[in-house]
Amino acid sequence: MSLFVVFEGLDGAGTTTQTQLMVEALRQSDRPAIQTREPSDGPIGVLIRQMLSMRVVSRLPQGFEPVNRESLALLFAADRLDHVQNTVVPALHEGKVVISDRYYASSFVYQGDVDESEHFDVAWVRELNSRARRPDLTIFLEAPVDVCLERMGSRAQRDIYETQEKLTRLHGRYAQVMSLLEEAGEPILRLDATQDIGTIHARCLQEILSHLAD
Ligand SMILES: Nc1ncnc2c1ncn2[C@@H]1O[C@H](COP(=O)(O)OP(=O)(O)OP(=O)(O)O)[C@@H](O)[C@H]1O
Ligand SMILES: [Mg+2]
């Protein structure tokens, strides 16, 4: 039976770790599964990754922002529809479980992240994503900023999101966005991501198996 599952969480919360473990566990129990991610590995996703890692610099005088906020929101939404059409839906049609490392909740959190000096229409980001298929289950790995920072610590190349102040704002936005999705009737599992990897994985597997049994 097919199922579309998404892992969400702040940078360093462990979404990649859990996505990978889950796909391995499902395959080992003879349930076909694919591991995927956003930004995707398609052409738009590759471009976004280059922009986030500052390998694409479009406005040298300002120096810092490699692309303006609106353009980035459009690219993320475009990548998402491409990812759904070319990767997610075909795998679901083949009866597979699709596990995505991030999806539209990440856009609502990161593309909607503004400080007091900025004005940005967050409702517009939701509108841009309104045609993206709804996940059957979103697992939100909830971890405090200091834990995330510690886990990201050894990473060689940090992207433009990974500063403490930003992470603190994003942490608050994640809570808001998850409540919003819950109010909209989306199945969300919130997990304490400070637990050890195996404990989190076991709880996620239990939840996914129960969805598959429905
Ligand atoms: N529950 C956990 N307990 C301790 N360490 C963990 C846990 N989950 C992940 N880690 C470790 O934290 C680091 C970051 O994990 P991971 O790459 O999965 O995070 P991420 O959420 O994918 O981050 P990003 O969103 O930035 O890609 C890794 O070194 C991983 O082994
Ligand atoms: Mg990751």
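Author: The discussion below concerns a predicted model.

Reader: How is a pair of aromatic rings described?

Author: One gives the distance of the ring centres and the angle of the planes. This structure holds five aromatic pairs. In one of them, Tyr 104 and Phe 108 are stacked, with 5.4 Å centre to centre and 20° between the planes. Tyr 104 and Phe 108 are four residues apart in helix H4 (residues 104–110), and therefore about one helical turn separates them. Both residues are buried.

Reader: Which parts does the pair of Tyr 110 and Tyr 174 tie together?

Author: That pair is edge-to-face, at 6.2 Å centre to centre and 85° between the planes. Because Tyr 110 lies in helix H4 and Tyr 174 in helix H7 (residues 164–183), the pair links parts that are 64 residues apart in sequence. Tyr 110 is buried, at a relative accessible area of 6%, and Tyr 174 is buried as well, at 1%.

Reader: Which residues form one aromatic cluster, and where does the charged end of Arg 80 sit?

Author: The cluster comprises Phe 4, Tyr 103, Tyr 104 and Phe 108. The charged end of Arg 80 sits over the ring of Tyr 103, 5.7 Å from its centre, while Arg 126 lies over the face of Phe 108, at 5.2 Å from the ring centre.

Reader: Why do residues three or four places apart in an α-helix point the same way?

Author: In helix H2 (residues 43–52), Gly 45, Ile 48, Met 51 and Leu 52 are buried. These residues cover an arc of only 120° around the axis, and so lie on the same side of H2. The buried residues of H2 pack against helix H3 (69–93).

Technical notes. Residues numbered from 1 in each chain as written. Chains lettered and ligands numbered in written order. Predicted model: local features only at pLDDT ≥ 70, side-chain atom pairs only at ≥ 80, totals over all residues. Heavy atoms only, no water. Buried < 20%, exposed > 50% of the residue type's maximum accessible area, 1.4 Å probe, protein only. Helix = DSSP H or I, 4+ residues; strand = E, 2+ residues; numbered from the N terminus. Arc of directions from axis to C-beta. Contact = heavy atoms within 4.5 Å. Phe/Tyr/Trp six-rings, centres within 6.5 Å; stacked < 30°, edge-to-face > 60°. Lys NZ or Arg CZ within 6 Å of the ring centre and 35° of its normal.
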